[in-house]
Amino acid sequence: MIDGTEPSYLRDGLSLRSWLLSTDHKRIAILYALAITAFFFIGGAAATLIRIELATPAGDLVSDDAYNKLFTAHGVIMVWLFLIPSIPSVVGNFVLPLMIGARDLAFPRLNLLSWYLYVAGGLIILAALATGGVDTGWTFYTPYTTMFSNSSVVLTLVGIFVTGFSSILTGLNFIVTIHLLRVPGLGWFRLPLFVWSTYATSLILVLATPVLAITTVLLVAERLFQIGVFDPAHGGDPLLFQHLFWFYSHPAVYIMVLPAMGVVSEIIPCFASRSLFGYRFMAYAVLAIAGVGFLVWGHHMFVSGQSPLANLVFSLLSFIVAVPSAIKVFNWTATLYKGSIRFDAPMLYALGFVGLFTIGGLTGLFLASLALDVHLTDTYFVVAHFHYIMVGGAVMAFFGALHFWWPKVTGRLYPEGLARAAALIVFFGFNLTFFPQFLLGYQGMPRRYHAYPPEYTVLNVLSSAGASILAVGYLMPLAYFAWSLWRGARAADNPWQAAGLEWQTASPPPTHNFDAPPRAPEVPYDYPPRPAEQNA
Amino acid sequence: MGDDAASSPAFTLLDASASSIASRVDLLFVALLALCGTVALGIAATIVVFCVRYRAGHRADRRHPPTQARALEVGWAVAPLLVFIGVFVWAAWTYAQSRRVPPDALAIHVVAKQWMWKLEHANGKQEIDELHVPVDRPVLLILASQDAIHSFFVPAFRLKQDVVPGRYTQLWFTATRVGEFRMMCSEFCGSQHSAMLGRVIVMRQPDYSRWLDAPPNPAVARAEPAGAPRDRGRALFDRLACASCHGAGSSVRAPRLEGLYGGRVELEGSDSVVADDAYLRESIVAPGRRIVRGQAALMPSYADQLDAEQIEDLVAYLRALGSEAHP
Amino acid sequence: MSFVFGPARRTVPQPSVAALGMWVFIASEALFFGALLFAYGVTRWHSPAAFAAASAKTDFWIGTVNTAVLLTSSACVAMAGDRLRHGTSRAAELWLGGAVLLGSLFLALKAIEWRSEWTHGLFPGPSWTLDGHPRPAAELFFAWYFVSTGLHAVHLAIGIAFAAVLATRLSRASERFEHNERLHAFGLYWHFVDVVWIVLYPLIYLVAPRT
């Protein structure tokens, strides 16, 4: 695991203590990566059990209460312990300071505190799972959560509360870093899109997560002291909970997808060897998604008893928020035009993202349509929609990022052939798992069903079959990345010939990142013109 | 409102399409599918073509790759926006139609509880997990929950409505096909959420009338009290001695309930409210929330003593009392 | 030991990292308390009379005195910042000490007020009543009251701790530049906690006209 002769951040202290007390953003990124990987596989184990249960109509693998705890565990772990921190805290932490020519984040000790808060919250949530689990669904609707559930609700909410502060502090750190620590000459419109995406994500982290924090406080108070805020018999309102919850949880999905979009905007220009198309619109689109994303939360509540007027407003705004995402898809496609395209694993993941995010985003239009949503909400159509975006989108981008920056982070190359195979297996397995769920949803199969009526059997069997293939695709990188750490070929500073300041320093970088402050590029995505003999 | 004859709706897709709104929803779905499918295939095809033509090592004209094209970029922002607004309007229009309750709709009261559906027709006949309705007549479901949030969903009707404790929600439909259709709970409500299934049985009008007048299913009759809701409500009213405060000659001088229903009530502060089902229900369950002007806040809550069906019965009785003064 | 919000080693020295960090933190706190205000607003809109009846039970005098105490403490913090920039660190330490004392006085008065409310049975719970009568929405007022003032008190206590630590360190002349930055950032936090109270005060004490 030790790299070549130059001193890098990996060799700068070899004890466990030097890692656990490090304020180096690169080491903290690796600490996050290890924790996130563990949580990903725990959440994935829950998903595996769910899909095995759903391969047959009868609820015969686990009891109904156990099933309810499984889907709740899957949701809670995947949302808060994997998707929200993954790209920002692993990729952002490592790459952001390098991309702007800085030595570290603005508040390095705060960064380490963020990791400890995340791990503490995660352990509290695992403790809740170990002490009987929680069966409310990751959405914790009241009054079921506060008055009827017999499970470890309070412990889970405390864990979520704690990880929330990790998010807020990370977002705060990124905002200040991007504003104040850019190398001289690196104006906003010379920044890589990943920086823009991280900035927009950080705005959401800082402004939306506190609402979640208060919501969990109120839930815990209601459950422990029966204060009545969500209980109609005490003058409270179950819908108040839904408004508070979704005010955070809708922007939360943009926390999950904006960094993924940033990653894709780095990978595609590199592997098409040309500049990103429509840079300014891409930057504005990212801010528009973050901003308008705060205004659409009511589309989760179209059949909740919310007023028809509110439904109209939220529906219209939900259509509007789709426009900047569409712009981004068009611009990524246009970036391929007149490029010189290589199909290494990062590019396969990035192209997979574009395809699957497009499908996921388009199905969002179905759900934004009021008359259709009345039929489709709370069915598997919604489950398919968000998995296309979260898994087909964000997870693919996360894997793309891991492969793209792997040489920079570790100084090693991963085996390209296996990586491409894994990417294709994931793409195929993913579609087989989740596409049938759109059909299941239109046919009326509700969510969170432990056992289902027999007419839904065939599509469920297909979906479970797909899940087994998807699992293989996710396990392969675990194996070959580990192999690469021990036996992978050494990487050069810039094995992909990518633009970006992070590639101007060694692979892996020294602790202080740059021996001398790097020069800001004149233009972002400064890819050289193609050699003449390549042209027709 | 129902535009189709009894057995042949205009448009079917996948599952049975059995309500007057279902064919419109299906049309919207197919149109959106065509639109989105075209866009998705178009983007996929473009990506594939570019990847093939511009793959590294393949000769192609790569001079001057464009980094921006303002007209194109504005165009592909504005065009989707206009299309989206068009889809929004279409879907919102269909939705608005699905929410406008026809005045002659047959009212059926539904109580959802963990983990079953209890339904009561206007003449007092009750059902559990089954809903008999006549074909081609609008039916209005008035939904209440005993405990957690549930959701009443009939995929064949393309309709769904959450059932929220503490308030009434409504769902109306006109069934357009005779037959049996699955009814399911679609809001997670606890252990047996996925067992909270039932069926909607759509019958021809003469069959429905016969069914309505027949005595109830013995199992239901054993489980449920007999009689009309208002009579059961009156029995509750007497058992709980409501008249001791609300009756004539009470020293407490609580508001009189005769003629109350449907009238306007002046509240503390400067508000007023119409005494409808929701207000009466709230007054029983959470009386201190809104107090009648000039009254002291003395009424206790009966939330712990009455379940949702009993509250329905009481409200039915109060409705009957009210209609004596407001015919 | 330096503060958690201290600046990183930077390639280009810029004076406002701590301040920008604090502004961003304040933005997140505004949303934190803002969600509570939303819950209050929705519940009060549904039940204005119940809220008025509940508010009438709060202790107007302690609330008003506390407001004056907190505003004065903010003036102390502002004076501390001014003295550090233009005078001696000793004067700044004393002004900070004043803020610590006043903040602690606020907390003490708050504790007395809470205790009084507890003994009058105003803490929400299954057996809650208002003067013996069930007023559900009024219970929600007090639920909101205890959550909001409790969170506010936690924020104030943290501020007091930081003020005390900051005061003891101001004498280190070698870190003069960082001290100005830190005191400025701290001042932003303290004033924000004050502003939160100013928003809460009318919502708690001034709902109904008092005779």
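The contact between chain C and chain A takes 40 residues from chain C and 37 residues from chain A. This is a predicted model, so please hear every value as computed from it. Chains C and A bury about 3,300 Å² between them, with 76% of that on carbon and sulfur atoms. Across this interface there are zero salt bridges.

Now chain C itself. It has six helices and zero strands, so reading from the N terminus the elements go α-α-α-α-α-α. Of its 211 residues, 51% are buried. Taking contacts within chain C between residues at least 6 apart in sequence, 83% join residues at least 24 apart. The chain exposes about 9,100 Å², and carbon and sulfur atoms supply 70% of that area.

Next, the interface of chain B with chain A. Here 80 residues of chain B are in contact with 89 residues of chain A. The buried area is about 7,300 Å², with 69% on carbon and sulfur atoms. Two salt bridges are counted between chain B and chain A. B:Arg167 forms a salt bridge with A:Asp237, and the closest N and O atoms there are 3.3 Å apart.

Staying with chain B, let me go through some of its strands. Strand β6, residues 150–154 of chain B, is joined by two bridges to strand β9, residues 179–185, and the two run antiparallel. In that pairing, B:Phe152 has B:Cys185 as its bridge partner. On to β10, residues 197–203 of chain B: six bridges join β9(B) to this strand, again antiparallel. B:Glu180 is partnered there with B:Ile201.

B:Glu180 also has a side-chain partner in β10(B). B:Arg199 forms a salt bridge with B:Glu180, with 2.7 Å between the closest N and O atoms. B:Arg199 lies in strand β10 and B:Glu180 in strand β9, and the two are 19 residues apart. B:Arg199 counts as partly exposed because its relative accessibility is 32%, and the buried class stops at under 20%.

Back to β6(B), which also pairs with β7(B), in the antiparallel sense, over five bridges. In this pairing B:Val154 stands opposite B:Leu159. What about burial in strand β7, residues 159–163 of chain B? Five of its five residues are buried. In a regular strand the side chains alternate between the two faces of the sheet. For β7(B), B:Leu159, B:Gln161 and B:Val163 are on one side, B:Lys160 and B:Asp162 are on the other, and all are buried, so both faces are covered.

The hairpin of β6(B) and β7(B) has four residues between the strands, and B:Arg158 takes a positive phi near 60 degrees there. Which residue does B:Arg158 form a salt bridge with? The partner is B:Asp26, and the closest N and O atoms are 2.7 Å apart. The pair links distant parts of the chain: B:Arg158 is in the loop between β6 and β7, B:Asp26 is in helix α1, residues 22–53 of chain B, and they are 132 residues apart. Both B:Arg158 and B:Asp26 are buried.

For another salt bridge in chain B, take B:Glu258 and B:Arg256, with the closest N and O atoms 3.2 Å apart. Buried or partly exposed? B:Glu258 counts as partly exposed at 44% relative accessibility, and B:Arg256 counts as partly exposed at 43%.

One helix in chain B before I move on. Eight of the nine residues of helix α7, residues 277–285, are buried, so this helix is largely enclosed by the rest of the structure. Among the buried residues are B:Asp277, B:Arg281 and B:Glu282, as well as B:Leu280 and B:Ile284.

Last, chain A. A:Leu49 is in helix α2, residues 25–53, and counts as partly exposed at 36% relative accessibility. Together with A:Ile52 and A:Leu61, A:Leu49 forms a nonpolar patch on the surface, with about 250 Å² of accessible area.

A:Pro57 sits in the loop between α2 and α3 of chain A. A:Pro57 is partly exposed, with a relative accessible area of 24%. Leaving out residues up to four places away in sequence, A:Pro57 touches A:Ala451, A:Tyr452, A:Pro454 and A:Thr457.

To finish on salt bridges, A:Asp344, A:Glu416 and A:Arg420 are linked in a network of them. Over all chains, the structure holds 20 salt bridges.

How values were computed:
Residues numbered from 1 in each chain as written. Chains lettered and ligands numbered in written order. Heavy atoms only, no water. Patch = residues over 30% accessible without salt bridge, like charges linked within 9 Å, V, L, I, M, F, W, Y side chains within 5 Å. Areas by Shrake-Rupley, 256 points an atom, 1.4 Å probe, with all protein chains shown as cover. Salt bridge = Lys/Arg side-chain N within 4 Å of Asp/Glu carboxyl O. Buried < 20%, exposed > 50% of the residue type's maximum accessible area, 1.4 Å probe, protein only. Pairing = 2+ DSSP bridges. Contact = heavy atoms within 4.5 Å. Buried area = accessible area lost by both parts, 1.4 Å probe.
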